[in-house]
Amino acid sequence: RCDMFEYDQTVFRSFASGTGKSEISSLIGVAHCFTVETNYLRGHHSAAPFEPSDWVKLGSCCLLALNDLDQLEYSGNLPAQLMGDLLKAEAFLAAEAEGISLETLGREDASRACPRFAKVRRAGMHASQALMNSPELIGMIVEVVEVRRNESEGRSWCRLHECHGGQWILESDLQYKDAQPGRYFYGVLLETAVSMDADPAVPHVAILPPGTVLEAEERRVVGEHLRVKIVADTRNGNQGGWVSEYRSAAFDSRLG
C-alpha cells in the first residue's frame with residue numbers, strides 16, 4: 001500500500017512487555033496489533049527527510065490496509081449502508097495518499113462535529129433493549145453522534161457518544177433538545193476566536209491562544225457549528241463568551 005514502508009526492517013514477532021501494543025493485545029485479544037515507527041530519515045529508500053505530507057500519506061495507507069483486512073474478514077456480511085461508508089472512506093483515503101484533497105461529506109442528521117442533544121425518556125413498552133440495560137440514562141441530556149434509519153422497520157436508531165455508553169437506542173426513546181447543559185473543560189489546541197453570542201457570525205472580541213484551559217456550561221449546535229458557552233478561562237478570567245468546539249470537520253463529519 002505504501003512505498004515508504006520498509007518491509008526488511010519490520011519485526012513481526014516482537015512482544016516487549018509493557019509496550020502499548022503488547023498490553024492491548026493481551027487485554028482484548030487483537031490478532032493484528034502493531035506499532036508504526038518513523039523518524040525524519042528514510043532509511044534505505046531515500047536520503048531526503050520525511051515531511052508532514054509523507055506522514056499523512058503513511059497514515060492514509062495504514063488505514064487503507066486495515067480496511068483491506070476488514071473486508072477480507074467480513075466480505076459479503078456488512079450491511080449495505082455500512083459498506084457504502086467504507087467505500088467512501090477508501091476513496092477519500094486513497095486520494096489523500098496521493099496528495100489530493102476532496103470535499104468533506106455532507107452532514108446527515110447528527111455527527112460528532114454537529115451532534116444532536118436529547119433527553120432520554122422514561123422507558124416504555126417499546127423501549128430499546130439498550131435503554132432497558134442502562135436505566136441510569138433516563139432523564140439525562142445525552143449527545144447523539146449518528147442516526148440510522150431502518151426503512152423496513154419504519155423506525156430510526158441513534159448512536160450515543162461514548163461518554164454516555166456509545167450504544168444504539170431507538171429515536172423514540174429520545175426527546176430532542178436545543179442544548180446540552182453541564183460542566184465541561186477544554187484545552188485550546190489552535191488559536192480560537194471568542195464571540196459574545198452563540199452565533200459564530202457575530203464579531204469576535206478576543207482570541208484564545210493554544211494552551212488556554214476553559215470551563216464551559218453549555219454546548220449547542222448553531223447552523224453547522226458546535227458552540228461552547230464559556231464560564232471562565234485561564235486567559236481572560238470570567239469574561240465569558242462563545243467558541244467553536246471544532247474548527248473544521250474531517251472528510252466524514254461523524255469522525256469529528
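The model is predicted. Glu-143 forms a salt bridge with Arg-219.

**Salt bridges**

- How many salt bridges does the count come to? The count comes to eight.
- In the pair Arg-219 and Glu-143, the closest N and O atoms are 2.9 Å apart.
- Arg-219 sits in strand E9 (residues 213–222) and Glu-143 in strand E2, so their bridge ties together parts that are 76 residues apart in sequence.
- Is Arg-219 buried or exposed? Arg-219 is buried, because its relative accessibility is 5% and the limit for buried is under 20%.
- Arg-148 and Glu-146 also meet through their side chains, in a salt bridge of 2.7 Å from N to O.
- Both Arg-148 and Glu-146 are buried.
- Arg-159 bridges to Glu-162, and the closest N and O atoms of this pair are 3.3 Å apart.
- Arg-159 has 25% relative accessibility, so Arg-159 counts as partly exposed.
- Glu-162 is partly exposed because its relative accessibility is 41%.
- Which residues are linked in a network of salt bridges? Arg-112, Arg-159 and Glu-162 are linked in this way.

**The nonpolar core**

- The largest nonpolar core holds 14 residues.
- Which residues have the most contacts inside this core? They are Val-120, Leu-137, Val-142, Val-144, Leu-160 and Leu-174.
- Strand E2 gives the most, with three residues.
- Strand E2 also carries Glu-143, one partner of the bridge to Arg-219 in strand E9.

**Surface patch of positive charge**

- Lys-119, Arg-121, Arg-122 and Lys-177 gather on the surface in a patch of positive charge.
- Where does Lys-177 lie? Lys-177 belongs to strand E5, which covers residues 174–177.
- Lys-177 has 34% relative accessibility, so Lys-177 counts as partly exposed.

**Nonpolar surface patch**

- A nonpolar patch on the surface is formed by Phe-34, Val-36, Leu-63, Leu-66, Leu-69 and Leu-72.
- Together these residues have about 560 Å² of accessible area.
- Val-36 is found in the loop between helix H1 (20–28) and helix H2 (52–74).

**Pairs apart in sequence**

- Asp-70 has its place in helix H2.
- Asp-70 is partly exposed because its relative accessibility is 37%.
- Asp-70 and Leu-86 are 16 residues apart in sequence, and their C-alpha atoms are 9.8 Å apart in space.
- Gly-211 lies in the loop between strand E8 (204–208) and strand E9.
- Is Gly-211 buried or exposed? Gly-211 is exposed, because its relative accessibility is 57% and exposed means over 50%.
- Gly-211 and Glu-191 are 20 residues apart in sequence, with 9.3 Å between their C-alpha atoms.

Conventions. Residues are numbered from 1 along each chain as its sequence is written. This is a predicted model: local features need pLDDT of at least 70, side-chain atom pairs count only at pLDDT 80 or more; totals for chains, interfaces and linings use all residues. Side-chain values use heavy atoms; hydrogens and water are left out. Patches are made of residues with over 30% relative accessible area and no salt bridge: like charges are joined within 9 Å, nonpolar side chains (Val, Leu, Ile, Met, Phe, Trp, Tyr) within 5 Å. Accessible areas come from the Shrake-Rupley method with a 1.4 Å probe; for residues, only the protein chains shown count as cover. A salt bridge is a side-chain nitrogen of Lys or Arg within 4 Å of a carboxyl oxygen of Asp or Glu. Lys and Arg count as positive and Asp and Glu as negative; His and the chain ends are not counted. The place of a charge is taken as NZ of Lys, CZ of Arg, CG of Asp or CD of Glu. Helices (H or I, at least four residues) and strands (E, at least two) are DSSP runs, numbered from the N terminus. Buried means under 20% relative accessible area, exposed over 50%, partly exposed in between (1.4 Å probe, protein chains only). A nonpolar core is a set of buried Ala, Val, Leu, Ile, Met, Phe, Trp, Tyr and Cys residues joined through side-chain atoms within 4.5 Å.
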